[in-house]
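Hi! Here is the structure I promised to pass on to you. Have a look at it first, and then read my notes below.

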Amino acid sequence: MTPAKLRSLTLHMVRITHKTCWTFVQLRTHDGRIGHGEATLTGREEALLAAAQTLAPLALSESPDRPGDFAAAQAPADLPHAAIVCGIDQALWDLHAQGRQQPLAWVLGAKREQIPVYANINRRTVLRTPEGFAASARVAMAAGFIAFKIAPFDEVNARLCAQGQGVQAMQRGLERISAVRAAVGPQARLMVDCHWRFDEATAR
């Protein structure tokens with residue numbers, strides 16, 4: 001089989017909510033195949049564009065026949081640079097799997113008949129009250145989901161935790177968790193994402 005040659009690298013940004021913008025890397029080969037990778041870093045889209053412009057010439061010299069080489073050769077200078085490197089790496093692996101006419105999961109050694117999913121209801125919940133979170137959970141339940149993820153600690157940040165105010169700040173988040181648990185029942189899987197908001201002492 002003739003080695004695949006890359007023709008172009010583009011970024012595609014999709015506005016999901018007023019707070020969320022997803023960024024995807026597209027690598028296109030000369031024979032028309034397209035590999036995709038995600039490089040989302042919400043709020044830093046201009047920096048992602050700059051990193052992509054810097055990395056594009058290096059990426060286009062790579063071959064999907066040798067996935068992993070590109071990421072292994074990079075030492076990311078900052079977070080936007082690292083995000084684009086990851087997106088390019090994913091896109092190269094995507095093209096590699098296409099070249100082998102196999103799903104990427106199989107190429108990576110994972111074979112499953114079913115993949116469990118959960119509903120991340122955090123971004124869709126505009127009304128950030130406990131009642132608003134519970135209403136979002138009920139919408140997801142009606143769609144058939146039995147597992148749910150939320151990020152309820154809007155009021156918590158590392159600065160408040162460092163000042164000893166983290167426990168007080170987290171109370172509203174605990175109320176949101178309680179409301180969602182009541183809405184989905186005791187058997188549903190409920191995951192709570194704390195992101196970067198807690199320091200270790202406050203998390204404990």
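Strand β2 (residues 21–29) pairs with β3 in the antiparallel sense over five bridges, where two strands count as paired if DSSP finds at least two bridges between them. The labels come from DSSP runs numbered from the N terminus: helices are H or I with at least four residues, and strands are E with at least two.

Before you go on, a word on what you are looking at. This is a predicted model, in which local features need pLDDT of at least 70 and side-chain atom pairs count only at pLDDT 80 or more, while totals for chains, interfaces and linings use all residues. Residues are numbered from 1 along each chain as its sequence is written, and side-chain values use heavy atoms, with hydrogens and water left out.

β1 and β2 run antiparallel and are joined by nine bridges, and T10 has Q26 in β2 as its bridge partner.

In a regular strand, side chains alternate between the two faces of the sheet. Strand β3 (residues 34–38) has G35 and G37 on a covered face, and I34, H36 and E38 on an uncovered one.

Now for the helices on this sheet.

How do α1 and α3 (residues 79–99) pack, and at what angle? Their axes are 9 Å apart and the angle is about 50°. That makes α1 oblique to α3, because angles under 35 degrees count as roughly parallel, over 145 as roughly antiparallel, 65 to 115 as roughly perpendicular and the rest as oblique. The contact (heavy atoms within 4.5 Å) is made by A47, L48, A51, A52, L55 and A59 of α1 together with P80, H81, A83, I84, V85 and I88 of α3. By class, that contact has 11 nonpolar, one polar and no charged residues. In this scheme Ala, Val, Leu, Ile, Met, Phe, Trp, Tyr, Cys and Pro are nonpolar, Asp, Glu, Lys and Arg are charged, and the others, Gly among them, are polar.

Two residues are worth a click here. H81, in helix α3, counts as buried at 13% relative accessibility; buried means under 20% relative accessible area, exposed over 50%, and partly exposed in between (1.4 Å probe, protein chains only). H81 touches A51, L55, Q74, A75 and P76, leaving aside residues up to four places away in sequence. E46 sits in helix α1 (residues 45–60) and counts as exposed at 63% relative accessibility. The C-alpha atoms of E46 and P80 are 9.2 Å apart, although 34 residues separate them along the chain.

There is another open sheet too, with three strands in the order β4-β5-β6 and parallel pairing. Its edges are β4 (119–120) and β6 (189–192), each with a single partner strand, so one side of each is left without a neighbour in the sheet. Strand β5 (residues 147–150) is joined to β6 by four bridges, and I150 has V192 in β6 as its bridge partner. Helix α8 (residues 171–184) packs on this sheet, touching β5 and β6, and its direction makes about 165° with that of β6.

Q101 is not a glycine, yet has a positive phi of about 55°; Q101 is in the loop between α3 and α4 (104–107). H195 is not a glycine either, and its phi is positive at about 50°; H195 is in the loop between β6 and α9 (200–203).

As for the whole chain, it has nine helices and six strands. Of its 204 residues, 41% count as buried.

Notes:
Axes fitted to C-alpha atoms, helices over the stretch in contact; angles between N-to-C directions.
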